[in-house]
Amino acid sequence: MAQVEINKQARLSEHLTSSSVATLGNLSELNCTRLSPHFTLGEMCKTSARTPDGNIPSHVHIENLKRLCGWLEMLRSEWNKRYGEGDAPIIINSGYRSQAVNKMVGGALNSNHLTGCAVDIHVTGMEQLVRYATILLDISDLNNEDFDELLLERSPRGTYWLHFAVKPSGNRCKIRLIQT
Ligand SMILES: [Zn+2]
């Protein structure tokens, strides 16, 4: 992480839920910082791709991630209400991706992950995939709020995940079944 050089002095505390005085120069503190009651910045930026830039979002990207976390909190709460599992977590496979990380993982050139507007949500199988998607559609209807993408994805190895994106504006409510 010593190679990180960008915007080290940028104060992000006003974008975060805790009273942290985190700056981009203090990554370990940022990782533990909550964007919402159940989701941390670290979860939203984790990646297995090791890039020199450290995969650090800007304050604009963090604002986008916070918007997504609002939806994820509603998904978590509604999932637990409907399926009675009490406090089951929503597991994020991938959220924000820097250009370098996105390139390394083979992401789309204009991916919503690049701006912190998308997450890939882990699911145990097709059933949970469809249920998560249904809940997110219900949340959209109930709150009269648009999302940008709701993509039910399946890899060649048969792994499912849900790609969900919300942008600050211009949301398209695009729903697709995608076989990669
Ligand atoms: Zn995705």
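Two residues are in contact if their C-beta atoms, placed from the backbone, lie within 7 Å. The model is predicted: local features need pLDDT of at least 70, side-chain atom pairs count only at pLDDT 80 or more, and totals for chains, interfaces and linings use all residues. Residues are numbered from 1 along each chain as its sequence is written.

**Exercise 1.** Which residues of α3 and α5 meet?

*Solution.* Start with the elements: helices (H or I, at least four residues) and strands (E, at least two) are DSSP runs, numbered from the N terminus. On the α3 side look for Trp71, Met74, Leu75, Glu78 and Trp79; their counterparts in α5 are Tyr132, Ile135, Leu136 and Ile139. Finally, sort these contact residues: 8 are nonpolar (Ala, Val, Leu, Ile, Met, Phe, Trp, Tyr, Cys or Pro), 1 is charged (Asp, Glu, Lys or Arg) and none is polar (the others, Gly among them).

**Exercise 2.** In which sense do β4 and β6 pair, parallel or antiparallel?

*Solution.* Take β4 at residues 118–122 and β6 at residues 160–165: their pairing is antiparallel, over 5 bridges. To see one spot in it, find isoleucine 121, which stands opposite leucine 162 in β6.

Methods. Two strands pair if DSSP finds at least two bridges between them.
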